[in-house]
Amino acid sequence: NKSRAMELAERIRNSIESIKLEEINNQPISASFGVSLFNKESPQLDLIGQSDIALYQAKKSGRNKTVLYSG
């Protein structure tokens, strides 16, 4: 389910963002995620490749976000 996958990725991203490390003077930590969904009618889809494309879209559009692959 699209909304559950995006929600989980956002929860992980927010958890990472809240980490404070003295070793880096409590500088903010960010993460970007690319999400792709399995389609049982097209099992040959490259989920990792699609997620990678979405990840680079997240990075290009400002980082620290979650993007769902839309092909």
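**Notes on the predicted model**

1. Three salt bridges are present in the structure, a salt bridge being a side-chain nitrogen of Lys or Arg within 4 Å of a carboxyl oxygen of Asp or Glu. The model is predicted: local features need pLDDT of at least 70 and side-chain atom pairs pLDDT 80 or more, whereas totals for chains, interfaces and linings use all residues. Numbering starts from 1 along each chain as its sequence is written, and side-chain values use heavy atoms, without hydrogens and water.

2. Glu10 pairs with Arg13 at 3.0 Å, N to O, and Arg13 also meets Glu17 in a salt bridge at 3.6 Å. Through these shared partners, Glu10, Arg13 and Glu17 belong to one network. Arg13 is buried, at 9% relative accessibility, while Glu17 is partly exposed, at 32% (buried: under 20% relative accessible area; exposed: over 50%; partly exposed: in between; 1.4 Å probe, protein chains only).

3. Glu7 forms a salt bridge with Arg11, with the closest N and O atoms 3.6 Å apart. Because these two residues are four apart in helix H1, about one helical turn separates Glu7 and Arg11.

4. Helix H2 (residues 47-60) has 14 residues, which at 1.5 Å a residue should span 20 Å; the end C-alpha atoms are 20 Å apart, in agreement. The expected span is 1.5 Å times one less than the number of residues. Helices (H or I, at least four residues) and strands (E, at least two) are DSSP runs, numbered from the N terminus.

5. Buried in H2 are Gln50, Ser51, Ala54, Leu55 and Ala58. Their arc around the axis is only 140°, so they lie on the same side of H2; the arc is taken from the directions from the helix axis to the C-beta atoms.
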